[in-house]
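User: Hey, I'm new to this one. Can you walk me through a few of its strands?
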Amino acid sequence: MEQPQQSVQPQEEGSIVGKPVIPQERNNKGFVTRATIDASGCTVQQGATITVADEDGTQGLIEDGNGSEITANAEQIVITGPGGKGPIEFADISGGSDDQIHGPVTVTDSTGISCPGEDNGPIALPGCKNPLQLLKIADNKSTRTEPFFVSAPSFSVLVKTGPEKDGSGSTTVSVFKQRYSDDSVGEKVAAKTFEGGEDGTLKVSSGPGAYFLEIKTQNQSYRIAAEQCGGSALDVGNPCSSLKPPLKVSRTVPAFGKIRNPNDQAYPLRIVYATSSKSGSLSIVLEDRSGRKVLDTKIGGQQRGVLGIKQPPHVSYTFELLPQDQGYTVVFEGGPGTG
């Protein structure tokens with residue numbers, strides 16, 4: 001992590017979301033061994049987590065007791081490597097262009113950390129007894145979200161914006177529906193601007209399908225959740241991939257998408273998996289265009305392994321990753337050299 005710029009957008013009072021992580025000490029190889037977040041009067045629980053993101057969107061999870069230690073003093077949250085001397089390690093890295101964290105970084109989420117004046121409670125969907133959260137994001141920068149799947153006829157985007165003291169901030173949320181699996185443009189189906197610390201709800205009634213949000217903010221932090229009333233979730237992740245680079249999915253909820261072999265010859269498709277819960281399970285299903293299952297396997301408990309099939313030229317498969325009380329990482333690898 002490199003020293004972040006000091007021109008940081010105003011933050012929501014009491015929250016560490018959007019704040020920079022500032023390197024303080026490095027070892028002789030240049031790795032950061034101690035970093036701080038300016039936040040007064042915070043308390044940190046054992047096993048707390050901090051999620052950070054760099055400028056290209058790569059996110060890293062820092063977990064207390066898992067390669068790093070998170071503590072707090074009167075003025076700061078302090079992150080150190082193992083034993084206070086080793087480099088700070090990430091429990092997980094995902095997204096971005098290269099699965100590597102490059103400074104500067106800012107906080108996008110946290111668990112087990114409480115600060116005075118912080119509002120980290122769930123964003124409730126009014127009038128719904130069984131809301132299903134499809135997406136959650138907190139930041140102070142403009143961004144475009146990963147796709148998420150809606151299985152109900154309608155859903156709502158709930159927005160909470162930071163209480164900027166001068167009332168000059170604004171956040172515009174635009175909702176796009178993908179017209180096909182690898183549609184990177186989408187059709188804009190709804191949009192709304194929230195100004196001066198305004199909160200609100202944007203209801204979308206465009207039917208089931210894959211959606212993404214485009215968020216443009218000026219001088220304002222925000223928390224946004226997409227929720228539907230009831231139903232089941234299918235998290236799209238990256239909905240279409242030619243496996244260049246390999247497709248990596250790390251989730252605790254179901255995921256689906258498409259993988260294809262764009263080459264003129266058949267190549268092996270390797271599916272590398274790791275599961276985290278001893279009592280949970282993960283089903284991995286691949287189907288061809290006719291709906292025929294070319295792979296249908298259930299992995300029980302905490303395991304690591306590799307599955308493999310031969311993928312003919314110019315053939316696409318849809319995949320479903322279906323966990324039951326399970327966290328998982330699955331990597332699809334295809335092309336020359338993956339036999």
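This is a predicted model: local features need pLDDT of at least 70, side-chain atom pairs count only at pLDDT 80 or more; totals for chains, interfaces and linings use all residues.

User: How many bridges join S3 to S4?

Analyst: Five, and strand S3 (residues 43-53) and S4 run antiparallel. Within that pairing, Thr51 has Leu61 in S4 as its bridge partner.

User: And which residues of S4 are on its covered face?

Analyst: Gly60 and Ile62 are on the covered face of strand S4 (residues 59-63), while Gln59, Leu61 and Glu63 make up the uncovered one. In a regular strand, side chains alternate between the two faces of the sheet.

User: What is the bridge partner of Gly60 in S7?

Analyst: That's Ile93. S4 pairs with strand S7 (residues 92-94) over three bridges, in the antiparallel sense.

User: New topic. In what order do the four strands of the open sheet come?

Analyst: The order is S9-S17-S12-S15, with antiparallel pairing. Strand S9 (131-139) and strand S15 (200-204) are the edge strands, each pairing on one side only. From one strand to the next, the twist averages 20°.

User: What stands opposite Leu158 in S17?

Analyst: Ala225 does. Strand S12 (residues 155-161) and strand S17 (residues 222-229) pair over six bridges, again antiparallel.

User: Last one: is Leu269 buried or exposed?

Analyst: Buried, because its relative accessibility is 0%. Leu269 lies in strand S21 (residues 267-275). Its C-alpha atom is 9.7 Å from that of Ile259, ten residues apart along the chain.

Note on methods:
Residues are numbered from 1 along each chain as its sequence is written. Side-chain values use heavy atoms; hydrogens and water are left out. Two strands pair if DSSP finds at least two bridges between them. Helices (H or I, at least four residues) and strands (E, at least two) are DSSP runs, numbered from the N terminus. Axes are lines fitted to C-alpha atoms, for helices over the stretch in contact, and angles run from 0 to 180 degrees between N-to-C directions. Buried means under 20% relative accessible area, exposed over 50%, partly exposed in between (1.4 Å probe, protein chains only).
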